[in-house]
Amino acid sequence: MQKDISEDLDTIPTNQPYQRICDFGCGDGLSTLNLTSSLGAEKAFGVDKYESNINRAKLWGRALTKFIELSEVNDDIDIDLQDQATKVIALHQSIEFKVGDVARNEMPSNLNIAYCNLLLVNIYKSAYENQLSGISGVEAAIENISKSLVGGGYFLAIEQYGQGLDFNYLFEKVGLKGNGIPFLRKPITTDSRAFFVENRIRYVYRKCL
Ligand SMILES: C[S@@+](CC[C@H](N)C(=O)[O-])C[C@H]1O[C@@H](n2cnc3c(N)ncnc32)[C@H](O)[C@@H]1O
């Protein structure tokens with residue numbers, strides 16, 4: 001996931017600080033942790049419509065603290081892993097995880113970066129019990145997320161591509177400037193990376209200053 005997120009972030013300038021960022025549709029928060037670590041953001045948010053996901057995301061700090069406690073009495077655990085866990089615990093403290101529906105609720109404000117991975121397409125397809133779906137659902141989500149950006153902020157969305165799926169005009173409709181770049185990605189499965197590739201698109205849009 002870290003490799004994928006680094007590739008995604010290569011499309012925006014990384015020589016400047018991004019103070020406030022948000023991972024929309026953050027799931028269990030792993031993507032938020034990787035995003036925050038890659039950007040070195042001061043304050044990060046992870047938003048997901050399911051409370052169960054947000055509760056899991058909030059548990060990373062406790063889970064890793066437990067891991068460190070156990071590794072102190074277990075000689076088999078590599079010291080590097082303990083150090084990594086300590087760093088992730090610090091990172092986790094800068095992230096606020098919140099329940100919210102990106103197509104309906106008010107989102108965190110003054111963001112320098114809004115990121116989402118396979119969120120818009122799932123809204124479009126009414127997956128994850130999205131009732132506000134199809135083009136109007138995606139339009140509402142893009143409008144809402146765009147409002148949460150500061151002038152000059154970036155909206156980076158990684159989505160499925162092909163089969164008529166193209167949301168570029170919806171980003172343009174809310175006044176964002178940028179483009180969508182198709183690419184291929186091997187999806188991450190529960191235990192590794194898949195052998196097959198999928199068509200994806202990286203929407204890289206910016207709010208005017
Ligand atoms: C494909 S998963 C991506 C999870 C994670 N960000 C990742 O990259 O592995 C999509 C996530 O979007 C969330 N989601 C779907 N519709 C949403 C909505 N309308 N508002 C907020 N979150 C939503 C789902 O609960 C799910 O966790």
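Two residues are in contact here when they have heavy atoms within 4.5 Å of each other. Keep that in mind as we look around this predicted model.

- You'll find Val121 in helix α6, which covers residues 120–124.
- Skip the neighbours within four places in sequence, and Val121 is in contact with Glu159, Gln160, Leu165 and Phe167.
- Take Glu159: it sits 38 residues from Val121 in sequence, yet their C-alpha atoms are 6.2 Å apart in space.
- Is Val121 buried or exposed? Its relative accessibility is 1%, and buried means under 20%, so Val121 counts as buried.

**Strands side by side**
- Strand β1 (residues 20–24) pairs with β2 in the parallel sense, over five bridges.
- Within that pairing, Cys22 has Phe45 in β2 as its bridge partner.
- Strand β2 also runs parallel to strand β3 (residues 95–99), and five bridges join them.
- Here Ala44 has Ile95 in β3 as its bridge partner.
- β2 itself (residues 43–48) is mostly covered, with five of its six residues buried.

- In soluble globular proteins, nonpolar side chains tend to be buried together.
- The largest nonpolar core in this model has 30 residues, and those touching the most other members are Phe24, Val102, Leu120, Ile142, Phe155, Phe167 and Phe171.
- Several elements each supply at least two residues of this core, including β1, β2, α6 and α8 (168–173).
- Which helix gives the most to this core? That's α7, with five residues.
- Another core, of 22 residues, lies apart from the largest one, and among its members are Ile21, Cys26, Tyr154 and Leu156.

**The largest pocket**
- How big is the volume of the largest pocket? It comes to about 800 Å³.
- This pocket is lined by 36 residues, and the closest to its centre are Gly25, Cys26, Gly27, Asn117 and Tyr128.
- Elements that each supply at least two residues of the lining include α2, β2, α3 (51–58) and α6.
- The largest share of the lining, three residues, comes from α1.

Conventions: Residues numbered from 1 in each chain as written. Predicted model: local features only at pLDDT ≥ 70, side-chain atom pairs only at ≥ 80, totals over all residues. Heavy atoms only, no water. Helix = DSSP H or I, 4+ residues; strand = E, 2+ residues; numbered from the N terminus. Buried < 20%, exposed > 50% of the residue type's maximum accessible area, 1.4 Å probe, protein only. Pairing = 2+ DSSP bridges. Core = buried A, V, L, I, M, F, W, Y, C linked by side-chain atoms within 4.5 Å. 1 Å grid on protein atoms, 1.4 Å probe; cavity = no way out; pocket = protein on both sides within 12 Å on 5 of 7 lines; lining within 4 Å. Points joined across faces, edges and corners; volume = space filled by probe spheres on them.
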